[in-house]
Amino acid sequence: MQDQTPNALYDGPVPAFTAGAYRIKHATEAWERAGAAALRRQVFCAEQGLFDGDDRDAVDAHALTIVALSDLCGMPDAVVGTVRIHQPEPGLWIGSRLAVAPAHRRAGSLGASLIRMAVCTAAGRGCLRFHAHVQARNALLFRRLHWRTLEEVTLHGHPHHHMQADLAHYPPIHDGDRGFLALARRAA
Ligand SMILES: CC(C)(COP(=O)(O)OP(=O)(O)OC[C@H]1O[C@@H](n2cnc3c(N)ncnc32)[C@H](O)[C@@H]1OP(=O)(O)O)[C@@H](O)C(=O)NCCC(=O)NCCS
């Protein structure tokens, strides 16, 4: 019979560390911006092969970077998600380069939370229309979050949906530097 005493030695496999919570915020620190850039390279260059070694472009010079930070004992630990937003013309905002680290996907609604922070931040800055070119495989995720497809297009050789957010579902956020918490899902 297995020893049930509290001090019994555990000799099974050590479970991988999983964050209990994530903070979704604007990237205000240099390490947060560097972590976001590294995660983008990992996802869009190494994993998806959309870009050759570097996915940065002219938009980065004036875009606002948003990050999801994993939490370790109440302290921000690592950048595990990111997205950027910019305003190419008054009232029109664009979101792009949404990425969540593979180990944290479907773990704490990070993708949905980053989209929320992106659109709500823009709503707080006078956004009238919020658009994104969404990879076709992710269009359902966006539709569930109150986006609609305007047009289907091919970008970087892959099918995309040009989509628009329904701003009625995205109230303005004015304190993005502090951000909000997203709790990790627990296994049942
Ligand atoms: C797309 C991506 C950002 C989603 O991030 P994520 O943190 O796994 O997403 P979430 O956990 O917030 O998902 C929210 C909900 O949508 C579902 N979902 C996630 N990805 C989905 C997809 N591609 N299609 C349909 N539903 C999806 C989740 O299961 C979850 O549903 P639930 O709440 O009922 O369980 C992530 O998979 C990723 O970084 N992929 C690689 C890069 C990429 O494709 N970027 C997007 C470019 S448009």
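Student: What takes up the space of the largest pocket?
Tutor: This is a predicted model, in which local features need pLDDT of at least 70 and side-chain atom pairs 80 or more, while totals for chains, interfaces and linings use all residues. Residues are numbered from 1 along each chain as its sequence is written, and side-chain values use heavy atoms, leaving out hydrogens and water. A pocket, on a 1 Å grid over the protein atoms alone, is an open set of points where a 1.4 Å probe fits, with protein on both sides within 12 Å along at least five of seven lines; lining residues have an atom within 4 Å of a point. The largest pocket is the space taken by the ligand.

Student: Which backbone lies 2.7 Å from a nitrogen atom of the ligand?
Tutor: Polar contacts are pairs of N or O atoms within 3.5 Å. Gly 111 has a polar backbone atom 2.9 Å from an oxygen atom of the ligand, and Arg 144 places a polar side-chain atom 3.3 Å from a ligand nitrogen. The backbone N or O atom at 2.7 Å from a ligand nitrogen belongs to Leu 98.

Student: How much of the ligand does the protein bury?
Tutor: Accessible areas here come from the Shrake-Rupley method with a 1.4 Å probe. Taken alone, the ligand exposes 900 Å², and the buried part of that is 79%.

Student: Which element gives the largest share of the lining of the largest pocket?
Tutor: Elements are DSSP runs numbered from the N terminus: helices (H or I, at least four residues) and strands (E, at least two). The lining has 42 residues, with Leu 98 and Val 134 among those nearest the pocket centre. The largest share, seven residues, comes from S4.

How values were computed
Polar contact = N/O pair within 3.5 Å; in protein donor to acceptor, adjacent residues only side chain to side chain. Sits in = over half its atoms within 2 Å of the grid points.
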